[in-house]
Amino acid sequence: MSKPNFSYWGQNSYGATNSNQADWQQPIDFYCQDNSIDVFPIAFLNVFFGAGGLPSIDLANTCNVNDDPVFPGSQLPECSFLASAIETCQSKGKIVTISLGGATGAAGFTSDSQASAFADQIWNLFLGGSSSTRPFGSAVLDGVDLDIEGGSTAYFVTFINQLRSHMNTASKKYFITGAPQCPFPDAYLGSLINSVAFDAVYVQFYNNYCNVGGTEANFATWDNWAKTQSPNPNVKVFLGVPAAQAAAGSGYVPIDTLSPIIQQYKATYSSFGGVMFWDASQAYANNRFDAAVKAALQGGASAPTPPPTTTQTTTTTSKTTTSSHTSTTSSTPPPTSGNCAGVNAWVSNVAYNGGDEVVSGGHLWTAKWWSYGDVPGGVAGDWQDDGPCATAALAPGQFVKTHYESKAVPLSVPVKTPGAKSSRFFRV
């Protein structure tokens with residue numbers, strides 16, 4: 001039986017660094033025309049408490065506060081033109097959810113009552129409730145995804161329990177999912193997923209020391225969590241990967257290498273639910289990465305020979321002392337992992353100022369000046385190479401965080417009149 005493919009949609013990740021507008025993010029139903037993608041978390045609801053007591057969403061070039069009408073007195077975009085597209089996907093058996101948070105979407109509650117009230121609001125705005133300020137009009141989404149990458153998760157148990165109270169009395173099936181990063185336990189969602197039942201977790205095996213395909217990839221750890229710690233004994237763990245090289249700072253694995261890994265995980269881990277990737281626009285532009293992943297998921301169920309663990313190069317290893325490289329004793333030892341610990345992986349859709357540090361290609365880099373979309377080591381020369389510092393050498397418990405949104409919106413925002421722009425995509 002085929003496992004499902006999950007793809008985030010909403011942030012136009014491909015458009016962040018590519019001028020070819022033909023491959024920029026399309027309306028969501030564009031990606032529902034075949035069976036390659038089964039589930040679409042819409043990214044992101046990135047402001048919990050905005051003007052007028054309403055949240056806000058940012059869907060990059062598709063719908064946003066700058067280029068689309070907002071509900072009076074708020075910064076909640078009116079995106080009801082997407083209702084028919086969402087419903088078209090759902091009519092084809094696709095699941096469409098709303099993802100809360102994101103890397104710049106700091107989130108949190110100050111009390112149980114606030115968390116409970118926010119759950120009621122999410123139910124009324126996006127799910128089975130009713131409101132005069134529903135961003136997607138008549139479309140009823142299929143659940144909520146939590147991509148919490150900042151702030152505090154205090155009172156989130158109350159939020160989820162209140163959501164469940166609505167879902168459990170509804171006539172349709174709803175889902176609650178989360179997107180932790182692969183270092184275990186996740187810094188933000190770790191305690192939450194141990195306290196309340198999730199239907200699935202989309203673990204981000206990229207931008208970290210535990211990247212998929214690396215020597216410290218830890219899907220087995222997450223499989224063990226699913227079997228021994230999760231409140232939901234049937235929870236599914238999804239292998240989260242970038243859909244293209246430019247979709248993440250590190251961790252992209254070409255499909256020829258990724259396919260046998262998928263086959264191995266499918267055959268080895270009973271909690272394996274499928275593959276999640278970031279994002280739909282990147283997948284389509286990358287030779288239909290989504291379709292290739294789906295083909296791998298539909299492959300045989302026997303465990304193939306595990307892929308070689310040499311797909312990531314590293315400058316530090318005590319296990320190669322018998323190789324010819326040991327004769328180069330005069331080379332400068334690489335920096336320890338502490339030099340890169342806590343430094344973000346370079347990401348294509350984040351603007352950097354002079355002096356900012358990133359990790360890319362196993363090296364530490366410092367921005368010489370303002371830089372956007374210019375890869376460290378590239379022809380633009382925006383970055384100073386500070387020497388090797390392999391992300392694979394990060395110790396368990398250390399990880400790098402990354403931004404995904406095409407623009408940043410603060411947690412609390414004033415009322416603002418949308419202004420005209422040459423396009424609906426805009427940068428940080």
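The axes of helices α6 and α8 come within 9 Å of each other and cross at roughly 35°. This crossing is right-handed. The structure is a predicted model, and its chain contains eight helices and 14 strands.

**The contact of α6 with α8**
- Helix α8 spans residues 289-297, and helix α6 spans residues 255-268.
- On the α6 side, the contact is made by Ile-255, Leu-258, Ser-259, Ile-262, Gln-263 and Lys-266.
- On the α8 side, Phe-289, Ala-292, Val-293, Ala-296 and Leu-297 take part.
- Sorted by class, the residues of this contact comprise eight nonpolar, two polar and one charged.

**Ile-262, a residue of α6**
- Ile-262 lies in helix α6 and is among the residues that meet α8.
- Is Ile-262 buried or exposed? Its relative accessibility is 0%, and therefore Ile-262 counts as buried, the cut-off being under 20%.
- Beyond its neighbours within four places in sequence, Ile-262 touches Leu-239, Phe-272, Val-275, Val-293, Ala-296 and Leu-297.
- Among these partners, Val-293, Ala-296 and Leu-297 also belong to the α8 side of the helix contact.
- Ile-262 and Gly-299 are 37 residues apart along the chain, and their C-alpha atoms are separated by 9.3 Å.

**Helix α5 and its cover**
- Helix α5 runs over residues 219-228, and its buried residues are Phe-219, Trp-222, Asp-223, Trp-225 and Ala-226.
- Why do the buried residues of α5 line one face of the helix? Viewed down the axis of α5, they fall within an arc of 155°, so they share one face.
- Which elements cover these buried residues? The cover includes the helices α4 (190-195) and α6 (255-268), together with the strands β7 (200-204), β8 (236-242) and β9 (272-278).

**The chain as a whole**
- The chain has 428 residues, of which 53% count as buried.
- Among contacts between residues at least 6 apart in sequence, 71% join residues at least 24 apart.

**Confidence of the prediction**
- The average pLDDT of the chain is 81, and 75% of the residues score at least 70.
- Residues 301-338 have a pLDDT below 50, and this stretch has 33 contacts in the model beyond near neighbours in sequence.
- Residues 390-428 also have a pLDDT below 50, with 137 contacts in the model beyond near neighbours in sequence.

Key:
Residues are numbered from 1 along each chain as its sequence is written. This is a predicted model: local features need pLDDT of at least 70, side-chain atom pairs count only at pLDDT 80 or more; totals for chains, interfaces and linings use all residues. Side-chain values use heavy atoms; hydrogens and water are left out. Buried means under 20% relative accessible area, exposed over 50%, partly exposed in between (1.4 Å probe, protein chains only). Helices (H or I, at least four residues) and strands (E, at least two) are DSSP runs, numbered from the N terminus. The arc is that of the directions from the helix axis to the C-beta atoms. Contact means heavy atoms within 4.5 Å. pLDDT is the predictor's confidence in each residue, from 0 to 100. Axes are lines fitted to C-alpha atoms, for helices over the stretch in contact, and angles run from 0 to 180 degrees between N-to-C directions. A crossing is left-handed if the near helix is turned anticlockwise from the far one by less than a right angle, and right-handed if clockwise. Ala, Val, Leu, Ile, Met, Phe, Trp, Tyr, Cys and Pro count as nonpolar, Asp, Glu, Lys and Arg as charged, and the others, Gly among them, as polar.
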